[in-house]
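Morning, everyone. Please bring up the model on your screens, and we will walk through it together.

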Amino acid sequence: MNSNTLQDLEATALRVREHIIRMSTDGGCFTGASLSATDLVVYLYKQFLKIDQSTLNDPNRDYLFLSKGHDVPALYGTFVELGWMPAERLANHLSTNDSVYWHPNVKIPGIEFHSGSLGHLPSVALGVALDCKIGGSPNKVVCILGDGELNEGSVWEAVLVANAYKLDNLLFVVDRNFFQANMPTEELIPLEPLADKFAAFGAAVKRVDGHNFTALENALSEFPFESGKLNVLIADTRRGKGLPSIEARADRWFCNFTHDEVDALIGELHGQHKATIESETLVVR
Amino acid sequence: MTYEDLLTQTALADDRVVVMTAENRALVRNMPQNLGNRFIDTGITEQCMIGAAAGLALRGRTPVVHALAAFLSMRAFEFIRTDVGIGNLPVKLSSFVPGFLSDGNGPTHQAIEDVALMRGIPHMQVFCPADEQDLLQMLPTIWASPAPSYVRITTRPATYQHKQPFEIGCAEVVSMGSDITLLVYGMLFEQALIAADILRHAGYSVGLVNMRSLKPIDEHTILDVCLSSDLVVTIEDHFLTGGLYSIVAETLLKYRKTANVHPIALKGKWYKPGRLNEVLEHEGFTGAQMAHTIQTEMIENLAD
């Protein structure tokens, strides 16, 4: 990856993080969850997927399905940066006059399908990938999953079926931040050795640092990973990445900050001193 | 013409149609060689099959999806509600061995709350053909519609020649009667024909309606028979809650009307498994038993 591309990705991801932090007030959003997926989402839309504003509904576009619906602020922020969505709509977050709320919905151009109930979109993405195979379309189909979401049995059904139908045009990306809603994954339902689990189900698996664009580029430069196998990319990430005051904390999944805290966090994002956060985490689930 | 012939013919004429199953191939045994990669068996994964059907529908396909009624309607319920219902996608659910047709399987396989579940989902249409002839008459219209649908499949041979062409939202009025009208759907239509004959021989004026389309429902016919018959009887192999009896009650209340309505339905327990004829007898759903029940109801409740 050349240095201009890398600089552009980093600058875009920084601005997406700003959008997420600004949405983390007046009702809040899933801040910690979204920040862990930010680099993945930015990388996938800007470098990996063949899709732009003119091809959002083109049957020959690539697809991204966000099964881990909590991360949708990372998509909104990316859509703003791509020019698909005016930034003002983010200020309408949670207004019934708009459709920008806590989970993805198809009223936002770029969102392929609604989600929120976990363990659904691996199967929906599988259906799309299967149709691309049946029709001979070369489209890539990506589905982003949370690691906590892997508790759902339907995820594993989809892995088995995708493997049975040799869907090497389908990529499951696991946002592996090691937390589920309230606690670390390994304390509740341990997932490791995760790569081995997917491999045992028949997938071709790679594992990378999900905050390192060069590593993502290297991992995805050869796609499919193996002919005739479902691709699984386990991206190791950190909940709240970019904000040391909330990073890798169980209680910063969902955040509803005061406006002063938001200002302080944006300062922190840009390398100023660490923010002091007094707002309690609102546990929605 | 069988169900499989019709589906094969439809799928070969329209390449949007894909046929899916969660390893329930009884109705679609010959599909793999006829349809090639448009036949998709996901194995015993009702949830994954429904999600994948939604994905296929997003790409413009019309998936006709097969599974045992109990597992399709309940195991995959949230996937149907969330992926197909919220998405309002043209996924066509073929629900096999519903109600009493699961005769010997036992309560795990008894889909007797499926109508209540499915009609609770916005956009979802619900159809219950009486027999194979009725089924084959209904399916082309149902498959051609852009709406998601749930069809209680029955392939039992017809004992009545259905003459009224099928229309979504319309019941088939077999006869009108001023004393008693039987409202029925699905495989019990056959027994309702027998019951109606017995009641006619006992001197009553008897109406009989094959409801066919439970959602959308034929409100006009319900109101018509409720206003023109002394007693209306709803007959269904379904729990009392949420099925036809509930639909009739909701319809009457919506129009501020009342009527004498007697439900024949499963009340609060799963039915005793066995051979179909013996199950009907044991549960009191043969034509003769229902006629007897209805006569008693006429004498006891409508005496004055």
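Start with a term: a residue is buried under 20% relative accessible area, exposed over 50%, and partly exposed in between, using a 1.4 Å probe on protein chains only. A:Glu247 is buried, with a relative accessible area of 18%.

Some ground rules. This is a predicted model, where local features need pLDDT of at least 70 and side-chain atom pairs count only at pLDDT 80 or more, while totals for chains, interfaces and linings use all residues. Residues are numbered from 1 along each chain as its sequence is written, chains are lettered from A and ligands numbered from 1 in the order in which they are written, and side-chain values use heavy atoms, with hydrogens and water left out.

Back to A:Glu247. Which residue does A:Glu247 form a salt bridge with? The partner is A:Arg238, with the closest N and O atoms 2.5 Å apart. A salt bridge here is a side-chain nitrogen of Lys or Arg within 4 Å of a carboxyl oxygen of Asp or Glu. A:Arg238 is partly exposed, at 39% relative accessibility.

Now chain B. B:Asp41 and B:Arg25 form a salt bridge, 2.8 Å from N to O. B:Asp41 sits in strand 2 (residues 39-41) and B:Arg25 in the loop between strand 1 and helix 2 of chain B, so the pair ties together parts 16 residues apart in sequence. Helices (H or I, at least four residues) and strands (E, at least two) are DSSP runs, numbered from the N terminus. B:Asp41 is buried at 12%; B:Arg25 is partly exposed at 32%.

Next pair: B:Glu172 and B:Arg212, 3.8 Å from N to O. B:Glu172 is in strand 7 (residues 172-175) of chain B, and B:Arg212 in the loop between strand 9 (206-210) and strand 10 (213-215), so this bridge ties together parts 40 residues apart in sequence. Both B:Glu172 and B:Arg212 are buried.

On to the interface. How many residues of chain A are in contact with chain B? There are 26, and they meet 23 residues of chain B. Contact means heavy atoms within 4.5 Å. The count between the two chains is two salt bridges. A:Asp131 makes a salt bridge with B:Arg61, with the closest N and O atoms 2.4 Å apart. Strand 1 (63-66), helix 5 (121-135) and helix 6 (153-164) of chain A each give two or more residues to the side that touches chain B. Helix 5 of chain A gives the largest share, 10 residues.

That is the tour.
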